[in-house]
Amino acid sequence: MTPSQMARIHAACFARGWSSAELETLLAKPTTRAVASDHGFALLQVIAPEAELLTIAILPADRRKGHGRALLNQTLQAAAAAGAETLFLEVDAANQAACALYLAAGFIQTGTRRNYYPHDDGGRSDAILMSRALEPGT
């Protein structure tokens with residue numbers, strides 16, 4: 001998947017989508033891993049023994065069909081294969097579907113950043129910090 005394709009998907013998923021140039025910069029780093037499917041993509045930053053899920057984006061028309069769970073599982077496997085023992089992420093508390101996906105995948109809440117995410121209506125929501133231990137073949 002090209003950075004331009006990723007940028008289109010990201011823009012469809014988030015109020016402030018990442019540009020093609022931003023994605024190219026991330027993908028040029030040797031620590032960045034991309035996992036893609038026909039329905040979306042995920043980006044990881046891996047500095048073993050830790051990894052961070054930078055973003056996961058599923059096309060809006062493809063949501064609620066198991067594609068997010070499948071992509072997350074592939075992402076967990078990619079992180080473990082790259083030597084990560086723990087995967088960290090942060091998620092907008094207002095994104096209830098993503099929070100539920102991560103909890104169902106075994107992530108636990110490790111912290112909160114109050115009023116972190118700005119919203120178009122002027123409001124703000126918390127960032128939920130989560131982590132999950134990984135094992136080879138996760």
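**View 1. The largest nonpolar core of the predicted model, with its most connected residues.** The largest nonpolar core holds 26 residues, and those with the most contacts inside it are Leu 53, Leu 72, Leu 87, Val 91, Tyr 102 and Phe 107. A nonpolar core is here a set of buried Ala, Val, Leu, Ile, Met, Phe, Trp, Tyr and Cys residues that are joined through side-chain atoms within 4.5 Å, and buried means under 20% relative accessible area, exposed over 50%, and partly exposed in between, with a 1.4 Å probe and protein chains only. At least two residues of this core come from each of strand 2 (40–47), strand 3 (50–58), helix 3 (67–81), strand 4 (86–92), helix 4 (96–104) and strand 6 (124–133), and helix 3 gives the largest share, five residues. Helices (H or I, at least four residues) and strands (E, at least two) are DSSP runs, numbered from the N terminus. Because this is a predicted model, local features need pLDDT of at least 70 and side-chain atom pairs count only at pLDDT 80 or more, while totals for chains, interfaces and linings use all residues. Residues are numbered from 1 along each chain as its sequence is written, and side-chain values use heavy atoms, with hydrogens and water left out.

View 2. When neighbours within four places in sequence are left aside, Tyr 102 is in contact (heavy atoms within 4.5 Å) with Leu 53, Ile 56, Leu 72, Leu 89, Val 91, Phe 107 and Met 130. A second core, separate and made of nine residues, includes Ile 9, Cys 13, Leu 26 and Phe 41.

**View 3. Ile 58 in strand 3.** Ile 58 belongs to strand 3 and, with a relative accessibility of 9%, counts as buried. Apart from neighbours within four places in sequence, the contacts of Ile 58 are Cys 13, His 39, Gly 40, Arg 63, His 67, Gly 68 and Leu 71. For the pair Ile 58 and Leu 71, the separation is 13 residues in sequence and 8.7 Å in space, C-alpha to C-alpha.

**View 4. Thr 75 in helix 3.** Thr 75 sits in helix 3, where its relative accessible area of 0% makes it buried. Residues up to four places away in sequence not being counted, Thr 75 touches Val 35, Ala 42, Leu 44 and Leu 53.

**View 5. His 119 in the loop between strand 5 and strand 6.** With a relative accessibility of 29%, His 119 counts as partly exposed. Not counting residues up to four places away in sequence, His 119 touches Asp 92, Ala 94, Arg 124 and Ser 125. The C-alpha atoms of His 119 and Lys 65 are separated by 27 Å, and these two residues are 54 residues apart along the chain.

**View 6. The setting of the close-ups in the whole chain.** The protein chain has four helices and six strands, which follow the pattern α-α-β-β-β-α-β-α-β-β when read along the sequence. A compact globule of 138 residues would have a radius of gyration near 14 Å, and the 14 Å of the protein chain agrees with this; the radius is taken over C-alpha atoms, and the globule rule is 2.2 Å times the number of residues to the power 0.38. Along the principal axes, the C-alpha atoms fill a box of roughly 45 × 35 × 30 Å. Buried residues make up 38% of the 138 residues, and of the contacts with a separation of 6 or more, 53% are between residues 24 or more positions apart.
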